[in-house]
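Hi everyone, thanks for coming.

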Amino acid sequence: MQERFADGAQYIAGRLMKGTSGRTHAVVDPATGDEVYRYDLAGTDDVDAAVAAAREAFWGWAATTPGERSDALHRFAGVLADRAEEFARAESLQCGKPLKLTREFDVPGTIDNIAFFAGAARHLQGQSAGEYSGDHTSYIRREPIGVVGSIAPWNYPLQMAAWKILPAIAAGNTIVLKPAELTPLTSLLFARAATDAGIPDGVINIVTGTGTEAGEHLVGHPDVAMTSFTGSTAVGKRVAEIATANVKRIHLELGGKAPFVVFDDADLEAAVHGAVAGALINTGQDCTAATRAYVQRPLFEEFVAKTAALMETVRLGDPFAPGTDLGPLISHAQRDRVAAIVERARAYARVVTGGEAPQGELANGAYYRPTLIANAPQDSEIVQSEIFGPVLVVLPFDSDDEGIRLANDTPYGLAASAWSRDVYRANRATREIRAGCVWVNDHIPIISEMPHGGYKASGFGKDMSAYSFEEYTQIKHVMFDNTAVARKGWHRTIFGDRRPDGHR
């Protein structure tokens, strides 16, 4: 990797360069603790240069036709498909994800997302013309906003880069993306692939620096017209504070604490498998992960026993080994944070399985065993706070009303799932659970055609889908006075038929 990015970890106007902050940062393999790449962090000067490059590229890119942007994105998808293995390995290396996950989910999902926005680029439209006021014809134009400044998290660096970049550039904007300092590699590869596909220099720029320096400067930059941020709710509030001071558009995809509601008529085996997969995806570092399972009392004890038994079969190991089910967390600091939350929970809840870091050959990595916790109070830290680790807490409920009430009883509202064989029961849950996505008898799948985004403290705005595409546009009303050539416009009614010299 050091050779691949020898010229630096900033991608500005079509070329790699070193950061100017005077500080360096390491990409560390979380499975071993070994440093794999050290780079110069971006400073505010690098952000300024990236924004200037994006601003210079904007008018040329915005002037391209939807068909031209679509063709470029189709080529981009082809380049990424040709380099799929390189992307999968880089993502596994920097994140600790099992290679089978990056090969089967992260990279194919990203290619599909490019293909979707390649098609969406040709459907950027306003409303049909019409006469809404006397002899005037009106219509709506959808236009790009300008330079977009985006900040992506470390849990899905490749997919988050795609979710930020693709709708923005498909709509004719240019972008400066700041990936997380821990995981810049696939964002840089993504930008390089876009250039190789023929997307002009300056349309996509990457600055890799700290949130407090590069991130805040990007959000507050006067030439950035829109800010898109994915991350914690606490940091999202800070982003909103900075962005609103400059009256710019904001898109926030923030934290989650997804409920997993199992009614007493559910297919228990399916629900158990869904809970384990939904809780442990990406080692639980997923804002839509199943974190709170509410199980109706007749199924509760059996659900707990079966879920614990299935969790104990999950294989931790080398992300590049074929048999590995679960990799490490992103860092030792994140592992220690998760472990501390579980240790505090022992005072008020039952740790059924897990609750420890493995020893032996995995001891040097940021690994943590799949953990199941039962009977925690609803107002406890482990139920209310986002953990971002392989931890599932299970609580019982009695009536359907109680189950839905508990599902809604956190500040978050990003995703949820309901498990029932009764279509009316399931439909009620989808209607009354306050979340941006509610799955029925499943948990986690996403598709490019459908939106992803939250309610409440989980933020606002949508990723993916046509809804995301529209967020990266602004609406302009255009109005023609059809009578002006006949010297009869409305202004003549107000001021009379005068000539500029005052004569009639």
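Quick housekeeping. This is a predicted model, so local features need pLDDT of at least 70 and side-chain atom pairs count only at pLDDT 80 or more, while totals for chains, interfaces and linings use all residues. Residues are numbered from 1 along each chain as its sequence is written, and side-chain values use heavy atoms, with hydrogens and water left out.

Okay, pockets. On a 1 Å grid over the protein atoms alone, a pocket is an open set of points with protein on both sides within 12 Å along at least five of seven lines; a cavity is a set where a 1.4 Å probe fits but cannot get out; and lining residues have an atom within 4 Å of a point. Grid points are joined across faces, edges and corners, and a volume is the space filled by probe spheres set on the points.

The largest pocket comes out at about 850 Å³. It has 41 lining residues, and Pro153, Trp154, Thr230, Gly231 and Ser232 lie nearest its centre. The elements giving two or more residues to that lining are α5 (157-170), α7, β10, α8 and α11 (332-345). When I say helix or strand, I mean DSSP runs numbered from the N terminus: H or I with at least four residues for helices, E with at least two for strands. Which helix gives the most to this lining? That's α7, with 5 residues. By class, the lining has 21 nonpolar, 12 polar and 8 charged residues. For those classes, Ala, Val, Leu, Ile, Met, Phe, Trp, Tyr, Cys and Pro count as nonpolar, Asp, Glu, Lys and Arg as charged, and the others, Gly among them, as polar.

The second largest pocket holds about 360 Å³. Here there are 16 lining residues, with Lys100, Leu101, Ile281, Asn282 and Asp325 nearest the centre. Both α4 (99-120) and α9 (268-280) supply at least two residues each, and α4 gives the most, with 4.

Now the closed spaces. How many cavities of 30 Å³ or more does a search of the whole structure find? It finds 4.

Keep Thr283 in mind. It sits in the loop between α9 and β13 (290-296), and its phi is near 60°, a positive value in a residue other than glycine. Thr283 counts as buried, because its relative accessibility is 3%; buried means under 20% relative accessible area, exposed means over 50%, and partly exposed is in between, using a 1.4 Å probe on protein chains only.

Met464 lies in the loop between β21 (459-460) and α15 (465-471).

On to helix α8, residues 233-245. It has 13 residues and reaches 19 Å from first C-alpha to last, close to the 18 Å expected at 1.5 Å a residue. That expected span is 1.5 Å times one less than the number of residues. Buried residues in α8 include Thr233, Gly236 and Val239. The helix's buried residues pack against α7 (211-220), β10 (226-230), β11 (249-253) and β17 (412-413). Just after α8, Val247 takes a positive phi of about 50°.

Last stop, Glu253. An unreviewed UniProt entry carries the annotation "active site" for it; UniProt positions are in the numbering used here, feature names are shortened, and annotations may be inferred rather than shown by experiment. Glu253 lies in strand β11. Is it buried or exposed? It's buried, since its relative accessible area is 2%. Not counting residues up to four places away in sequence, Glu253 touches residues including Phe229, Thr230, Cys287, His452 and Asp463, where contact means heavy atoms within 4.5 Å. Thr230 is also one of the residues nearest the centre of the largest pocket.
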